[in-house]
Amino acid sequence: MSTQALPPEWTILAIETSCDETAAAVIRGGREILANSVASQIDIHQRYGGVVPEVASRQHILTIMPVIEQTLAEVPGGWSAINAIATTYGPGLAGALLTGINTAKALAWTRGLPLVAVNHLEGHIYASWLNADREKPLSAAPPPPEFPLVALIVSGGHTTMVLLRDHGDYQLLGQTRDDAVGEAFDKVARIMGLGYPGGPLMERAALNVNPGKLRLPRSWLRNSYDWSFSGIKTAALNMVQERMGARFDQEKLANVDARFAGQLAAAFQESVVDVLVTKTVAAAREFGAKEIILAGGVAANKALRAELTRQATPIPVRYPPIWLCTDNAAMIGAAAYYRYAAGLQTDWSLDVAPSLKIAM
Ligand code: KG4
Ligand code: ZN
């Protein structure tokens, strides 16, 4: 995708509603965050132990306009500063995505602005183009990532590794054959009774804990950059069952003791970090990557960040701050800037694409 220079002040209002965050942001020049709002539904879904699609859709409808209004209120000039509207159109929950794209279409139509549709996974990668330190001017920000680069997207729905040779030029290197890594974190946390979302709670439980004798299997899938996490998850379930004995009830949260929970969380984290890091570093070396980008909700995990950085040396590893790793609209605005610069505008026939891929 060849990009043409857009004026540096080109400003996009971006919307993201693919899962359980209702988010809007205003991004200037593809890198500068003028405003960023995220209304999280975590509290609502927590009581069900996971995202309930119908509840998410309903909540997006209630929240989207107040979130957009609040976001625009932070931008000098408000609507008059906006040159285009971007929205996530997939992958994600169909009903949740619908709110985002219908709102974006209605606003773009009524305001006579161009519409740009963005792949959510592409958005996660482009979080690394943003100037995360809003206090500092763009001139003081780290330079944008260099191509070719390997991007590892790890979230609740995806574990995908791609090679980027240029903006929009994606080659799929590897993906999960079963559960996404974030999903595995969430499920194991649930089995142990830690709560939802599981990733941060597992990380906290594992902090400074030595897994001791507990060791979970690694699924190497030799001669492939693919991953598999269902075996690790099942092994963790078996360990909890063994520990709880007759007290284990599939329908109820296990509530294992804190010492065991810490050790199992540490063993789980060690196992998934090992397979993710080993394959990502091997791919980066094979394809001569100048950088590795770690993206998506699970990129918030400090053990994963540290181990990838250590093993990839001397290839630099880039990851956004935690608030830009989990779902947000700023990343959608960044990706939209480069898509629009490449002449990729969207027409009014835009529909949701719940199973959208980033590359085949
Ligand atoms: O990207 P994201 O916000 O939403 C999706 O597109 O899925 O990712 C959410 C996922 C959840 O599975 C959550 O448990 C996981 O990211 N996550 C973490 C951490 N923080 C969030 N996983 C491991 N360690 C963390 N610190
Ligand atoms: Zn995401």
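A polar contact is taken here as a pair of N or O atoms within 3.5 Å; within protein, one atom must be able to donate a hydrogen and the other to accept it, and residues adjacent in sequence count only if both atoms are side-chain atoms. The model is predicted, so that local features need pLDDT of at least 70 and side-chain atom pairs count only at pLDDT 80 or more, while totals for chains, interfaces and linings use all residues. Residues are numbered from 1 along each chain as its sequence is written, and side-chain values use heavy atoms, with hydrogens and water left out.

The chain is divided into domain 1 (11-132 + 323-341) and domain 2 (150-319), with bounds from an automatic or database domain assignment. Their C-alpha centres lie 27 Å apart. The contact (heavy atoms within 4.5 Å) takes 19 residues from domain 1 and 19 residues from domain 2.

Between them, the two domains bury about 1,600 Å², of which 68% is on carbon and sulfur atoms. Buried area is the accessible area (1.4 Å probe) that two parts lose on being put together, summed over both. In domain 1, the residues that lose the most area to domain 2 are I125, S128 and C325, together 35% of what that side buries.

Four residue pairs are in polar contact between domain 1 and domain 2, both residues at pLDDT 80 or more.

Key. Chains lettered and ligands numbered in written order.
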